[in-house]
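I opened the model to look up its salt bridges and its nonpolar cores. My notes follow in the order I took them.

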Amino acid sequence: MSKKYVAEPYRIKMVEPIVETTKEERIEFLKNAGYNPFSLRSEDVYVDLLTDSGTGAMSQEQWAMMMTADEAYAGSKSFYKLESVVKHITQYKYFIPAHQGRGAEQIVLPQLVTKKGMYFISNIHFDTTRAHVELAGARAIDCVIDECFDLELDHPFKGNFDLERLEKIINEKGSENIAGIIMTITNNSAGGQPVSYENMVGVKKISKKYGITVLIDGARYAENAFFIKEREKGFKDKSILEIARMTFDLADIFLMSAKKDGLVNMGGIIAIKDNEHLFKLCQTYIVPYEGFPTYGGLSGRDMEALAQGLTEALDMRYLTHRVDQIRYLGDMLKEAGVPIQYPVGGHAVFVDCGKIAPHIPYDQFPALSVTNALYIEAGVRGVEIGSLLLGRDPDTHQNLKSPKEFMRLTIPRRLYTYQHLDVVGQAMIEVFKHKDELVGYAFDYESPMLRHFTSTFKPIKKQ
């Protein structure tokens, strides 16, 4: 390949063996898992690209900080250290830890739903966010730009809101019925695509006009800041921290699954700019759902690792390598003709399985078919991000059709080398060569919520 890639900005100090299995064994493992990759045992996976959530490698500094942790139930010094770091980065007044992003969502989102018939609007809600919106009694509306769905278009910010449509939705539903606008950065379900600063300013302007609360779902806020620095005019000389602070200034609430850009295995963040009433409400509800407000479901060790990880995630050398690994795999697949969301985002390569397997209907889940074929081919575990994940309409219970049937190949942070990604790329290219042999899947058991996690399936034999 002609492009020069950046080598890992670290040395490997400790290794974990991984096991190679045979194709015959993998066929049996997948069958025993109900053809759901989530139910595979990790020991039976060679390269695990299911998620980047809590699956990365921590630094020597993070491990060292864990040894200094204070495990006090209330008033832990590790909490105050983490609080200081979060406030330094966000410039927000209030902070509460949670065990992960969905823990933060279940505390905050219900406080914003003050009556029946309310809506949250996002560029695209991710799966747990959509679930917590619905559990809170509201409905989720996605409002991403059309360019997002033109996978070959070289657009720098495919995660952007459609601002004209956003204002139209507000007027149609009534501003008093909008519980909040959620800026998902980067926009995961759109292919890990970034959101421009200019677009976020536009969202803020509209929210201010109608008096609507703005939330940032910022699991990958540092990656988004990297793309703003790299692709948006006027940001080249700004630091990642400066761009992040400019971003946070455009919102009222920051929710984070810190298992991504916090570089930890467990952790979540609730940060509130200046709404003391909301902060006190969240403090009240954090106790029964997560834990005392100064630990929120985390051990002192978790908080120490997160305080350090949040700082490391703002480092340009780390971010440059992080994004380059994604580009490396994306370029390999694109050059082989495998259809992907282009340009690639910050945490994963999204493969267009609808285009690979047009003979499989959306409600037979073409992306699940490709994901399972990739596992059988080389023991590589990806994840379906399509109609299976999107689920059913909460009112009609009909299967929803996703605009794109993606398989996400999600690269954990600081875990795999370029040679691991070679294995992934070669295996995916092999699956692509035999795409006509792919079959759809039907439910054997369908979970009533977040069905992609625990449902089981059976392959549909070709007629």
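**Salt bridges, then cores**

I began with Lys 273 and Asp 249, whose side chains form a salt bridge with 3.9 Å from N to O. The model is a predicted one. I placed Lys 273 in the loop between strand E8 (268–272) and helix H10 (276–289), and Asp 249 in the loop between H9 and E7. The two are 24 residues apart, and the pair links distant parts of the chain. Asp 249 counts as exposed, at 52% relative accessibility.

I then looked up Arg 327, which forms a salt bridge with Glu 230; their closest N and O atoms are 2.5 Å apart. For Arg 327 I noted a relative accessible area of 17%, which makes the residue buried. Glu 230 is partly exposed, with 39%.

Glu 430 is partly exposed at 27%, and Lys 433 is exposed at 57%.

I noted 25 salt bridges in the structure. I also found a network of salt bridges that links Asp 52, Arg 220, Glu 223, Asp 261, Arg 322 and Arg 413.

Next I turned to the largest nonpolar core, which has 63 residues. Those that touch the most other members are Leu 166, Ile 170, Tyr 221, Phe 254, Ile 269 and Leu 310. Which helix gives the most to this core? Helix H8 (residues 221–231) does, with 6 residues. Apart from this core I found another, of 34 residues, including Leu 333 and Leu 409.

I checked H8 itself: 9 of its 11 residues are buried, so the helix is largely enclosed by the rest of the structure. Among the buried ones are Tyr 221, Glu 223, Phe 226 and Lys 229. Their cover includes helix H3 (77–90), helix H7 (197–210), strand E7 (253–257) and helix H12 (316–335).

Last, I listed contacts of Phe 254, leaving aside neighbours within four places in sequence. They include Thr 90, Tyr 92, Tyr 221, Phe 248 and Ile 269.

Notes
Residues are numbered from 1 along each chain as its sequence is written. This is a predicted model: local features need pLDDT of at least 70, side-chain atom pairs count only at pLDDT 80 or more; totals for chains, interfaces and linings use all residues. Side-chain values use heavy atoms; hydrogens and water are left out. A nonpolar core is a set of buried Ala, Val, Leu, Ile, Met, Phe, Trp, Tyr and Cys residues joined through side-chain atoms within 4.5 Å. Buried means under 20% relative accessible area, exposed over 50%, partly exposed in between (1.4 Å probe, protein chains only). Helices (H or I, at least four residues) and strands (E, at least two) are DSSP runs, numbered from the N terminus. Contact means heavy atoms within 4.5 Å. A salt bridge is a side-chain nitrogen of Lys or Arg within 4 Å of a carboxyl oxygen of Asp or Glu.
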